Amino acid sequence: MKAQKAFFFALLHRMRLIRRWSLMRNTQNENIQEHSLEVAYLAHALALIRLRCFPEETPCPAPERCVMLALYHDAGEIITGDLPTPVKYYNAELRGAFRGMEEAAQKILYAGIPEEIREDYRPLLFPTQESPEEQMAQKIVKAADTLSAYIKCLDERRAANREFADAELEIRQKLESYKLPELNLFLEQMLPSFELTLDELRSLGEEPAKH
């Protein structure tokens with residue numbers, strides 16, 4: 001690998017400095033690095049559930065592809081910052097301007113990757129919808145992204161923070177609008193445990209007493 005100014009990974013390292021939910025009172029701050037990790041394992045779970053429990057629901061994208069898309073889905077925010085939703089989607093003009101900012105940010109990141117491996121990152125930074133599998137992978141990542149935001153709302157409500165009350169209702173409606181069986185299964189069978197205390201979770205993990 002020839003000597004060059006490759007700054008991509010140094011920028012990725014700064015993901016942890018970009019706060020989410022910046023216009024709202026938070027009992028616990030969240031950054032885009034930890035958010036991206038959560039979206040990655042949620043997307044992996046959703047893709048696996050679709051593959052194992054709903055194989056008739058084609059296409060079934062590779063869980064590993066969903067993980068990689070999720071890890072980089074907010075990478076551009078290293079450059080742009082996390083713009084609050086009310087600002088980002090205030091009107092068509094702002095939405096268009098933000099899309100332009102996102103595209104410019106992705107290009108900056110891409111330019112910072114060493115030439116020898118740059119093309120390997122193109123499908124992550126500039127995903128296309130060239131196949132049904134790819135389209136579904138991106139939909140699953142969007143669902144996982146929304147699910148992560150919903151879990152954040154649950155955490156804040158449990159901490160008696162009413163700031164996220166309206167967001168919780170809106171995000172729940174968005175989750176239901178995806179109409180993904182794997183997501184519905186997660187909401188029914190796995191999401192309730194997110195509202196349990198540590199002791200309650202520990203008790204669920206204990207083996208039943210033998211008689």
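The following paragraphs go through a predicted model, from its overall make-up to single residues. Residues are numbered from 1 along each chain as its sequence is written, and side-chain values use heavy atoms, with hydrogens and water left out. Because the model is predicted, local features need pLDDT of at least 70 and side-chain atom pairs count only at pLDDT 80 or more, while totals for chains, interfaces and linings use all residues.

The protein has 11 helices and zero strands; helices (H or I, at least four residues) and strands (E, at least two) are DSSP runs, numbered from the N terminus. The C-alpha trace spans about 65 × 40 × 35 Å along its principal axes. Of the 211 residues, 40% are buried, where buried means under 20% relative accessible area, exposed over 50%, and partly exposed in between (1.4 Å probe, protein chains only). Contact means heavy atoms within 4.5 Å. Among contacts between residues at least 6 apart in sequence, 69% join residues at least 24 apart.

From α3, the contact is made by Arg65, Cys66, Leu69 and Ala70, and from α8 by Glu134, Ala137, Gln138, Ile140 and Val141. These residues divide into six nonpolar, one polar and two charged; Ala, Val, Leu, Ile, Met, Phe, Trp, Tyr, Cys and Pro count as nonpolar, Asp, Glu, Lys and Arg as charged, and the others, Gly among them, as polar.

Helix α8 (132-158) also takes part in covering the buried residues of α10, as do α2 (32-53) and α9 (165-177). The buried residues of α10 (residues 181-189) are Pro181, Glu182, Leu183, Leu185, Phe186 and Leu187.

A second pairing can be followed through two residues. Ala105 lies in helix α6 (residues 92-111) and, at 1% relative accessibility, counts as buried. Thr80, in helix α4 (residues 77-80), is likewise buried, at 17%. Leaving aside neighbours within four places in sequence, Ala105 is in contact with Gly76, Ile79 and Thr80, and Thr80 touches Phe98, Met101 and Ala105.

The backbone has some features of note. Most residues other than glycine have a negative phi, and most peptide bonds are trans. Trp21, in the loop between α1 (8-12) and α2, has a positive phi of about 55° and is buried at 14% relative accessibility. Ala160, in the loop between α8 and α9, has a positive phi near 65°, but counts as exposed at 68%. A cis peptide bond, with omega about 0°, joins Thr58 and Pro59; Pro59 lies in the loop between α2 and α3.

Lastly, the cysteines. The whole structure holds zero disulfides, a disulfide being a pair of cysteine sulfur atoms within 2.5 Å. For Cys60, the nearest cysteine sulfur, that of Cys66, is 10 Å away. Cys60 is partly exposed at 23% relative accessibility, whereas Cys153 is buried at 0%.
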